[in-house]
Amino acid sequence: MTEKIKSLIGGEWRDASGPEYATHYPADGSTVARLHAATAEDVDQAVRAAERARQQPGWARLRPHERAGMLNRIAAGIRARGEELAQLQRLDNGKPINETRALVSSAAGTFQYFAAAAETMEDAITPARGDYLSMSVHAPLGVVGAITPWNSPIASEAQKLAPALAAGCAVVFKPAEITPRMAIELARIAQEAGVPDGILSVLPGKGSIVGDALVRHPLVKRIAFTGGTSVGLGLAKIAAEKLMPVSLELGGKSPTIVCADADLDHAVAGVLYGIFSSSGESCIAGSRAFVHASVYEEFKSRLIAGAKALRVGDPCSEQTQMGPLVSISHRESVERYVQMGVEEGGKVLLGGQRPQGDVYAKGSYYLPTILEGLPNTARMCQEEIFGPVVALLPWTDEADLLAQCNDSVYGLASGIWTRDYRAAWRIGSALDTGTVWINTYKMFSISTPFGGTKLSGIGREKGRLGILEYTGQKSFYWGLNESPLPWSL
Ligand code: NAD
């Protein structure tokens with residue numbers, strides 16, 4: 001049954017003012033929800049309401065422990081509705097149910113973590129150099145515009161909403177057009193947890209209309225963005241004109257390195273997980289696997305066997321490891337990249353096609369795909385595919401390996417498989433990426449900051465200091481002079 005969805009605009013649940021559109025279940029193409037796209041006028045209304053609401057005593061004077069209580073109630077609300085949210089997320093982007101359950105659980109943990117951050121954040125009394133008391137306090141930045149992609153909505157939305165609310169900001173959300181429901185449900189849970197009307201609005205719609213209006217709005221004082229690099233670069237230019245802080249979590253082309261001494265059982269399992277989980281629709285997907293020449297053939301045959309055995313299919317099944325890609329048009333983009341790889345001289349060792357059979361016929365499925373024979377300079381090794389496609393590249397010389405790994409506009413993440421802890425430290429220190437995984441991959445903790453270097457982004461999300469990204473430092477001087485300032489006498 002198709003669900004009708006309303007947007008939350010300035011405390012009011014209503015249809016947004018733009019045209020109606022539908023969202024589809026990637027596993028079979030069926031329509032799952034209908035809603036109206038937001039417009040620039042809706043953005044203006046939401047932002048103005050947010051600015052008013054954040055100045056009301058009910059929000060501005062909330063004590064840290066009360067704000068923390070609210071965030072903990074949001075965490076509890078997410079947990080209470082966990083299964084329902086996991087199913088909605090599955091319907092929105094086709095991720096397997098086990099994966100969406102984990103995302104929901106991590107979102108609850110994010111609110112709980114930032115509740116603790118809100119309650120324990122301390123301002124400073126700074127050393128005085130005269131007859132005064134000087135203080136540095138963290139003041140909320142104001143209205144935050146949060147913009148998210150379709151691949152892991154609830155997790156990336158929680159990573160923006162939780163620290164922003166913890167810091168005392170108001171948030172206007174622009175989820176991806178095709179995956180609006182996690183942000184909508186988070187807003188419902190936040191309302192139930194006591195977040196005042198206007199503090200949080202959710203405006204699904206087109207990036208070029210809603211996202212653009214949000215970034216340009218004069219009352220928006222910060223943008224928290226996760227998405228593609230080209231969009232992120234455009235936002236950064238607009239933000240520069242406003243002198244507005246932004247955090248940009250952008251694309252990646254992450255290298256994973258298999259050393260000659262690696263435990264191949266671990267390395268094969270890790271590389272499979274790194275590229276094929278989430279069907280490769282992951283910013284940190286390990287899409288370039290550099291394998292030492294001495295173990296290349298053995299690794300290759302074990303990787304192919306492992307990838308062949310992956311269970312591609314129905315996202316409802318707990319056995320499924322890879323669901324469909326998010327849409328037919330995204331699958332076409334992945335297919336074009338594989339074709340390009342072949343034209344560039346690559347050899348497809350596995351996959352490179354859609355799975356056959358009735359169960360796959362209506363969905364946007366694509367098989368795990370492994371290529372070899374490409375230089376690191378090939379477009380397929382340089383551009384983000386955002387699909388289940390890995391290029392195998394043999395290496396022998398460590399300096400040359402590092403040069404190739406770092407020869408990328410991206411710098412989001414990397415992985416190293418070795419038994420030699422000195423080599424791991426040496427290589428990991430030389431890799432220009434925001435995260436380095438050693439003998440593991442795609443592990444995440446809310447307490448560990450995450451973000452990229454180079455065109456993978458700027459700023460960090462998560463971590464104890466993540467709350468400070470939504471505050472500005474403000475200084476107070478309290479005069480203690482018994483007599484007037486001497487200059488005026
Ligand atoms: P996208 O950049 O096309 O869209 C992301 C969001 O930006 C969407 O909500 C979209 O509507 C909005 N948007 C588009 N044009 C806009 C504009 N002109 N102004 C303002 N907003 C605009 O990305 P996508 O296809 O939804 O997601 C995939 C990308 O996200 C990949 O590149 C992936 O690597 C990246 N990503 C990065 C991380 C990270 O943490 N680094 C995490 C997940 C996804």
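Start with the second largest cavity, which has a volume of about 40 Å³. A cavity here is a set of points, on a 1 Å grid over the protein atoms alone, where a 1.4 Å probe fits but cannot get out, and lining residues have an atom within 4 Å of a point. Grid points are joined across faces, edges and corners, and the volume is the space filled by probe spheres set on the points.

Before you click on, a word on the source: this is a predicted model, where local features need pLDDT of at least 70 and side-chain atom pairs count only at pLDDT 80 or more, while totals for chains, interfaces and linings use all residues. Residues are numbered from 1 along each chain as its sequence is written, and side-chain values use heavy atoms, with hydrogens and water left out.

Now select the lining of that second largest cavity: Gln 159, Pro 163, Arg 222, Ser 247, Arg 460, Glu 461, Lys 462, Gly 466, Glu 469 and Tyr 470. Colour by class and you'll get two nonpolar, three polar and five charged residues. (Ala, Val, Leu, Ile, Met, Phe, Trp, Tyr, Cys and Pro count as nonpolar, Asp, Glu, Lys and Arg as charged, and the others, Gly among them, as polar.)

Next, go to the largest cavity, with about 80 Å³ of space. Of its 15 lining residues, select the closest to its centre: Ala 285, Ser 287, Glu 384, Ile 385 and Phe 386. The lining splits into seven nonpolar, six polar and two charged residues.

Now for the ligand. Show its shell of 26 residues, of which Thr 148, Lys 174, Gly 228, Leu 250 and Glu 384 are the closest; a residue is in if one of its heavy atoms lies within 4 Å. Colour domain 1 (3–250 + 456–475) and domain 2 (255–438): both give residues to the shell, so the ligand lies between them. Those domain bounds come from an automatic or database domain assignment.

Which helix gives the most to the shell? Pick helix 8, with four residues. Helices (H or I, at least four residues) are DSSP runs numbered from the N terminus.

Finally, draw some distances. From a ligand oxygen, go 2.6 Å to a side-chain N or O atom of Lys 174. Another line to draw runs 3.2 Å from a ligand oxygen to a side-chain N or O atom of Trp 150. For a ligand nitrogen, look 3.3 Å away, at a polar backbone atom of Gly 207.

Notes. A polar contact is a pair of N or O atoms within 3.5 Å; within protein, one must be able to donate a hydrogen and the other to accept it, and residues adjacent in sequence count only if both atoms are side-chain atoms. Helices (H or I, at least four residues) and strands (E, at least two) are DSSP runs, numbered from the N terminus. On a 1 Å grid over the protein atoms alone, a cavity is a set of points where a 1.4 Å probe fits but cannot get out, and a pocket is an open set with protein on both sides within 12 Å along at least five of seven lines; lining residues have an atom within 4 Å of a point.
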